[in-house]
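Reader: I am new to this structure. Could you walk me through how to read a few of its features?

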Amino acid sequence: MIRRERILKMLLVEPGTPAGLAKRDPTWKGGDEFAQLSEQKLRGAAREILQKGIKELSDAQELLWASDTHALLVVFQALDAAGKDSTIEHVMSGVNPQGVQVVSFRQPSSEELDHDFLWRISRALPERGRIGIFNRSHYEEVVALKVHPEWLEGQRLPPGKRGKQFWKGRYDDINAFEHHLERSGTTIVKFFLHVSKQEQKRRFIARLDTPGKEWKFKASDVAERAHWDEYLQAFDDAITATSTTWAPWYVIPANHKPVMQAVVARVLVETIQGLGLSWPEVSDKDRAANAEARKLLEAEKE
């Protein structure tokens, strides 16, 4: 337990401290006891831990659903090919589909551009009792648009400078928005899946070489790869500015997918368990009705 808490604390970006992405190791295998394992043995050990996490998450999600007092919003951000889709698929594989919704935000529509950048986010939030997953999110507005400020021209914003204060204003808006959600019963946890540039290249080539996977590859991904350092800096700035006590960021090493998935599952389990939820209480009236119903069931002839 102590070791687990230490690892999660290491992956957490403490509020008010730099994210320090450049100093975080994407190849991390989960700690000293796994460092010397072969890739095959590491995969097996991580999958065993993941399966336990999936079961615990299923139980935690059922309690979240039954209590109907909180929602959980999970934000995934990453550079291309870090493993967002596969992480969502594996980690949520044991959860009741009725209690989960996954939203992927694409290029804003004309209607969405006629509103502020958080409007479409508000419309996609999970209701109480459910887990909402954002596969990319409002953070694209302070990452992709910071790397490509020319894209701001399509947002129909009032005239003004788009410098440091502009981005600080967006960070402040996000923090205020997330704080409002937390006070209203939506718990937020945010993951940056941290893949290395070398591993991204390997995965891109693997997609091109694997039948049935090439459709995942886009030539434009290579063009964006040329902005690697800019993206990493934009993520670093955004995570540093928006990792708060009410909506923390975790930087998860992503070169070893099973390890990444096991860690994500553990964070989600502990986040729900930390809400102090309890099963709905049965009233005396309902308990009496249930006792009568039991009598009727037991009196039935086989």
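Author: Gladly! Helices are DSSP runs of H or I with at least four residues, numbered from the N terminus. The expected span of a helix is 1.5 Å times one less than its number of residues. This is a predicted model, where local features need pLDDT of at least 70, side-chain atom pairs count only at pLDDT 80 or more, and totals for chains, interfaces and linings use all residues. Residues are numbered from 1 along each chain as its sequence is written, and side-chain values use heavy atoms, leaving out hydrogens and water.

Reader: What span does helix H11 reach from its first C-alpha to its last?

Author: H11 (residues 228-242) has 15 residues and reaches 21 Å, close to the 21 Å expected.

Reader: Which residues of H11 are buried?

Author: Buried means under 20% relative accessible area, with exposed over 50% and partly exposed in between (1.4 Å probe, protein chains only). In H11 the buried residues include Trp228, Tyr231, Leu232 and Phe235.

Reader: Is histidine 148 buried or exposed?

Author: Histidine 148 counts as buried because its relative accessibility is 8%. Histidine 148 is found in the loop between helix H7 (144-147) and helix H8 (164-183).

Reader: Which residues does histidine 148 touch, not counting residues up to four places away in sequence?

Author: Contact means heavy atoms within 4.5 Å. By that rule, histidine 148 touches Glu224, His227 and Tyr231. Tyr231 is also one of the buried residues of H11.

Reader: And how should I read helix H3?

Author: H3 (residues 39-67) has 29 residues, which should span 42 Å, and its end C-alpha atoms are 41 Å apart, which agrees. After H3 comes aspartate 68, with a positive phi near 55°.

Definitions and conventions:
Helix = DSSP H or I, 4+ residues; strand = E, 2+ residues; numbered from the N terminus.
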